[in-house]
Amino acid sequence: MSDCCSAKSGCDAPAVAPCPANGALSKKVDTLTVKSLVRQLPLGMPNTQYYFCEARDCDVVYFGLDSRAPIFRRANLLVRVGAKATKDPIPICYCFGFSRNDIEGEIAETGRSTVAERISAEVKAGNCACELKNPSGRCCLGGVTQVVKDYERQNERAKVAGER
Ligand SMILES: [Zn+2]
């Protein structure tokens, strides 16, 4: 496999590519991530750069730069794609199983979330495997921070509305 073209081997595929279904600019994803999370790989899958469409309302998860590459949709994956999920539990951290509910529930109960700290400690200890478990192939910490921010913003808004 000397002609293997993945993000790691550094071929010069563009950093983003438009999703063939909705045109959303999608980031590169390592082929290893695609291979790990697609339920059943088709025979003869071309070695090309794959991309991850994060758009909530789009069914496409992975597509290739080479238009002969198969397009993988939500139903082709072994896991639910958090970025595209609308029903709880919405997965955020695939390594340690934290969902949006877990994070929001902890803030509601204790006033703050320790999920990011707990994940960071695990990452430091080398216990995570985002490239194999997270559909984006990336670390989930950014997603955790976003959930916390969204929740706090919602709460602020609710408080302000309540004080009026
Ligand atoms: Zn899409």
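Strand S2 and strand S3 (residues 50-52) run antiparallel and are joined by 3 bridges. Within this pairing, Val29 has Tyr50 of S3 as its bridge partner. The model described here is predicted.

S2, which spans residues 25-29, also pairs with S1, residues 16-18. These two strands are likewise antiparallel, with 3 bridges between them. S1 and S2 form a hairpin in which 6 residues lie between the strands. In that hairpin, Gly23 adopts a positive phi near 80°.

The two pairings are set side by side below.

| Strand pair | Direction | Bridges |
|---|---|---|
| S1 (residues 16-18) and S2 (residues 25-29) | antiparallel | 3 bridges |
| S2 and S3 (residues 50-52) | antiparallel | 3 bridges |

As a general point, side chains in a regular strand alternate between the two faces of the sheet.

The strands described above belong to a chain with 5 helices and 7 strands. Read from the N terminus, the order of elements is β-β-α-β-β-β-β-β-α-α-α-α.

Turning to the chain as a whole, its C-alpha atoms occupy a box of roughly 60 × 35 × 25 Å along the principal axes. The chain has 164 residues, of which 26% count as buried. Among contacts in the chain with a separation of 6 or more, 52% are between residues 24 or more positions apart.

Key: Residues are numbered from 1 along each chain as its sequence is written. This is a predicted model: local features need pLDDT of at least 70, side-chain atom pairs count only at pLDDT 80 or more; totals for chains, interfaces and linings use all residues. Two strands pair if DSSP finds at least two bridges between them. Helices (H or I, at least four residues) and strands (E, at least two) are DSSP runs, numbered from the N terminus. A residue is buried if 20 or more other C-beta atoms lie within 10 Å of its own, exposed if 12 or fewer, and partly exposed in between; C-beta atoms are placed from the backbone. Two residues are in contact if their C-beta atoms, placed from the backbone, lie within 7 Å.
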